[in-house]
2 protein chains.
Amino acid sequence: MPGGSPQTLRPFLWRAETLYPDTEVVSRTHEGIVRHDYAEYAERTAQLANAIEEAGYGDGERLGTFCWNHSRHFETYFGVPGTGAQLHTINPLLPDEHIQYIVSDAQDELIFVDESLLPKLEGAATADPESFETVEQFIVMSDSVPETELDAVAYESFIADQPTEYDWPELEEDRAAGLCYTSGTTGRPKGVEYTQQMLWSHTMAIQSPQGIPLDDDDVMMPVVPMFHVNAWGLPFSATAGGAKHVYPGPQPEPADLAKLIEEEDVTVTAGVPTVWLGLMEYIKENDVDLSSLERLIVGGSAAPEAMIRFFDDRDVELVHAWGMTETAPVGAVASLRSDLEDADYQTQLDKRSKQGLITPGLEFRVIDDNGDEVPHNGEDFGELHIRGPWVTTEYFKRPEANEQEFEDGYLKTGDVVSVDEDGYIKIVDRAKDVIKSGGEWISSLELENELIAHDDVNEAAVIGVPHERWQERPLAMIVPTADADEETLGDELREYILESYPKWWVPDNFVTIDEVPKTATGKFDKKSLRDEYADESLVEGRVPDDAAPE
Amino acid sequence: MPGGSPQTLRPFLWRAETLYPDTEVVSRTHEGIVRHDYAEYAERTAQLANAIEEAGYGDGERLGTFCWNHSRHFETYFGVPGTGAQLHTINPLLPDEHIQYIVSDAQDELIFVDESLLPKLEGAATADPESFETVEQFIVMSDSVPETELDAVAYESFIADQPTEYDWPELEEDRAAGLCYTSGTTGRPKGVEYTQQMLWSHTMAIQSPQGIPLDDDDVMMPVVPMFHVNAWGLPFSATAGGAKHVYPGPQPEPADLAKLIEEEDVTVTAGVPTVWLGLMEYIKENDVDLSSLERLIVGGSAAPEAMIRFFDDRDVELVHAWGMTETAPVGAVASLRSDLEDADYQTQLDKRSKQGLITPGLEFRVIDDNGDEVPHNGEDFGELHIRGPWVTTEYFKRPEANEQEFEDGYLKTGDVVSVDEDGYIKIVDRAKDVIKSGGEWISSLELENELIAHDDVNEAAVIGVPHERWQERPLAMIVPTADADEETLGDELREYILESYPKWWVPDNFVTIDEVPKTATGKFDKKSLRDEYADESLVEGRVPDDAAPE
């Protein structure tokens with residue numbers, strides 16, 4: 001059968017080591033800045049691979065990491081999958097019971113753990129030893145091992161005395177190379193495996209002009225955690241492009257990020273909006289030299305327009321990207337189409353605030369409640385289905401989820417989106433939060449955003465409540481401001497929503513509450529709201545007959 | 001088994017049609033400029049696919065093309081492989097016996113042929129009907145069919161009445177999608193198959209920053225023929241990037257190319273040096289507006305330094321790329337490393353004149369005559385071995401060639417190269433032309449270039465002649481200028497070569513000839529020189545004992 005050699009990560013490391021031996025991999029640590037170059041990085045990674053092989057791994061075993069962003073963590077990125085083992089990045093911010101579940105589900109045999117995170121991991125492991133029973137050893141990411149009940153060895157001892165060359169094996173491209181669990185806001189976390197081919201494909205795709213291309217004059221600083229979908233794949237693509245790496249280390253403060261940008265000449269950085277809100281505040285109050293910074297990638301949740309403006313004003317292009325654990329993760333990037341370069345600034349901002357244009361190599365469709373594809377008119381919406389070489393087609397050991405969440409080779413993302421005439425995808429709601437009323441969908445998220453914009457509203461959550469005639473009707477939960485007149489607020493908000501939305505979108509009732517309940521990760525806990533308020537009497541008889549969708 | 005969906009060409013077309021329906025596909029034809037946009041292109045390609053399926057193809061049958069660069073040819077690029085059939089691009093410049101061999105070897109079942117090329121194809125087909133016996137029909141790329149003995153139908157009739165939508169099948173990624181024969185300067189042409197995955201990989205790789213990235217504001221004009229390794233894959237990558245396509249049609253003259261660049265705002269064009277030499281002459285004598293042109297890609301043979309300077313002076317970046325039919329084709333691109341941006345201009349030119357930096361995703365090694373890898377010092381050389389997801393691992397139906405030309409998963413390219421400290425690969429010679437003397441290699445190509453630079457030399461060819469003691473010794477064949485003194489020329493050239501090369505590189509003899517014999521494609525026919533001059537007496541006893549390599 002004709003074909004080329006397998007798609008694996010190895011050539012990316014080989015190329016960087018061969019062409020850019022002097023380009024740096026920089027890490028902020030508790031002890032200051034640590035510098036390697038690709039030549040040293042490759043040698044240390046080869047030592048790691050030799051140590052892994054000597055320890056008896058390299059044939060599909062899952063090896064976990066429990067670490068912040070630093071160069072030792074980066075060494076596991078090529079070192080672990082390169083041997084044939086599978087790199088399982090574990091989120092240290094999860095509650096103990098999730099960590100226990102994840103380690104036990106993955107059956108990790110070795111865990112690389114930061115010294116500062118060792119107490120947290122030790123707590124989880126000793127509280128439920130059974131869930132950790134497959135773990136044979138803990139490798140502490142330091143020179144020496146602190147006092148611990150765990151069977152631990154220091155990373156530097158683990159790799160010391162190993163040869164600095166390693167005969168990287170020829171791996172098949174469908175070999176599992178990575179594993180990451182979805183954050184699991186509802187239900188058990190689900191594992192998503194990444195094959196060598198998926199990581200290769202994602203790397204190549206985000207290196208294309210409409211991805212997040214990195215060249216040999218770029219300096220990439222991923223603030224997005226390396227335990228979160230491989231830091232969006234940037235450590236791999238930076239290597240493929242021969243870029244310099246800068247890792248911000250444990251819990252960087254805005255001042256740390258500003259200093260790294262200035263001193264290491266960072267050209268591209270990436271993280272969630274919260275990180276950049278912090279940096280914005282810091283920049284407003286301090287004199288920060290952003291002249292090296294060209295692009296700032298925002299993902300994880302929507303980039304507020306004010307943030308885009310703030311960085312535009314400072315000659316930094318804020319690029320909004322969208323993805324999921326299941327999409328490895330980049331699925332869309334909101335770069336500006338060339339035919340919009342002459343559009344007015346507000347139009348450009350509207351486009352750039354959306355989730356973006358589908359990444360080349362992927363396909364998507366948007367399916368409404370009737371199973372029909374919706375047109376790209378910026379108004380109609382439905383669930384986003386997506387597929388492609390780096391989009392998973394199954395969950396790890398979860399056959400029941402596989403039946404629910406895939407269709408025709410597409411992943412059903414659970415995101416309800418609209419797509420405008422220019423192809424920009426916009427998330428309208430989460431599928432489980434969208435309100436199905438009279439055969440049409442109402443976006444709870446849009447109503448919430450509209451309500452929160454009202455002067456008398458501090459917080460707002462909108463849920464669907466079962467309704468005999470209309471299937472569901474929207475119910476708004478309002479946390480009013482201190483000055484608000486609670487007597488008249490409902491009527492006022494009803495009129496206010498009517499200004500922008502059709503009658504049948506207007507919530508049937510506005511219930512005043514003290515606080516919107518939140519999940520562990522700070523998101524609105526709509527499930528508990530639904531459990532508490534799913535009472536037909538709250539909406540029954542309140543919807544006028546003419547409020548039905550046409 | 002985990003994994004994403006297969007890597008096929010389909011998503012590239014789907015994305016262009018979805019995001020860029022109004023972006024143009026422009027063709028120069030005998031009847032003037034023909035314009036489509038991606039929306040129309042996709043509809044016509046769907047019609048073609050429906051017609052192919054209705055004609056009974058789509059399950060791996062090989063369908064040939066015998067065409068220049070135009071939009072109908074481009075329609076076959078997605079239309080044929082998209083059905084599951086295999087696109088076999090045939091070089092119409094080949095002699096009849098090669099065409100007959102290729103069609104018979106490939107067992108083409110249908111051939112798309114340009115009206116202007118029909119007489120040529122008809123000649124080959126009727127001279128040896130047996131070689132064409134699998135061909136069921138000829139589709140003439142026009143509105144109507146001229147008089148012909150072949151069973152022919154017009155392309156427009158073939159696709160007319162077909163639906164403008166086609167339900168593109170889910171293809172496996174190792175499905176053969178393309179086929180191209182090597183030009184075969186020696187021996188029978190060898191077929192190289194491209195799978196869907198190889199074309200996908202190549203497309204993604206050349207879209208990366210160190211490839212030939214094309215974005216949605218680019219206008220790509222491939223002058224390199226579409227019958228030659230898919231016009232270097234640019235029709236696929238331009239589609240993936242959402243770029244505008246400009247096809248220069250049948251046998252474009254420099255004036256045609258200049259006009260297309262000016263009128264269609266071409267930003268990137270690509271072709272062999274001969275094409276650009278013609279354009280340079282035209283530009284010198286005419287007022288050509290090159291302001292839209294950003295990059296000019298040169299491949300096929302080396303880009304002379306003067307050409308790079310010429311286009312630099314006009315703010316057009318000449319990018320030298322290297323590849324082979326076997327590498328689909330781009331394997332290296334001589335873009336300037338960012339750390340050379342401050343180097344002096346001559347250093348930059350030296351780098352940019354080389355074959356380039358390995359394309360991300362590939363691996364190579366350089367192996368000398370002893371089977372050892374040579375260091376990257378710009379001096380030592382050996383045969384280039386290359387491997388990767390878009391480098392073939394076998395020839396079509398040629399098991400004996402497969403044994404010879406592959407090793408450890410690497411393609412043995414037959415190019416003898418050096419690699420400098422910066423990683424730039426430079427072709428030093430063809431493996432079959434390199435002279436093996438005393439266990440070391442002497443580059444015939446370097447000696448020829450040095451000799452041709454001498455004022456008294458018009459042409460020079462250097463071949464290896466068998467030698468009992470040294471295995472081979474170099475023999476130079478010189479075509480002197482009219483003014484040269486043939487009596488003293490040999491001694492003069494001997495001294496001249498000694499100025500730049502070690503003693504053992506100096507040819508043992510300088511034989512005066514009238515003309516260097518050439519192959520059909522204009523290359524030096526060293527095989528016939530070797531046949532005629534492989535006479536030990538011409539070198540015997542002429543090499544001094546101290547001329548041996550150390």
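Q: Which side chain of opposite charge is nearest to B:Glu122, and how many Å away is it?
A: In this predicted model, local features need pLDDT of at least 70 and side-chain atom pairs count only at pLDDT 80 or more, while totals for chains, interfaces and linings use all residues. Residues are numbered from 1 along each chain as its sequence is written, chains are lettered from A in the order in which they are written, and side-chain values use heavy atoms, without hydrogens and water. With Lys and Arg counted as positive, Asp and Glu as negative, and His and the chain ends not counted, the nearest side chain of opposite charge is B:Lys120, 13 Å away.

Q: What is the handedness of the β-α-β crossover from strand 13 to strand 14 of chain B?
A: Strand 13 (residues 295–298) runs parallel to strand 14 of chain B, with four bridges between them; strands pair if DSSP finds at least two bridges. B:Val298 has B:His320 as its bridge partner in strand 14. The chain passes through helix 12 (residues 305–312) of chain B on the way, and with the strands pointing away from the viewer a clockwise path counts as right-handed. This crossover is right-handed.

Q: Which residue in the turn between strand 14 and strand 15 of chain B has a positive phi?
A: Strand 15 (residues 330–333) is antiparallel to strand 14 of chain B and joined to it by three bridges, with B:Val333 the partner of B:Ala321. The two strands form a hairpin with six residues between them, and the residue with a positive phi, about 70 degrees, is B:Ala328.

Q: By what turn can chain B be laid on chain A?
A: Superposition is by least squares on the C-alpha atoms of residues with pLDDT of at least 70 in both copies. The RMSD is 0.1 Å and the shift along the axis is 0.0 Å, with a turn of 180 degrees. That is the relation of a two-fold axis.

Definitions and conventions. Buried means under 20% relative accessible area, exposed over 50%, partly exposed in between (1.4 Å probe, protein chains only). A salt bridge is a side-chain nitrogen of Lys or Arg within 4 Å of a carboxyl oxygen of Asp or Glu.
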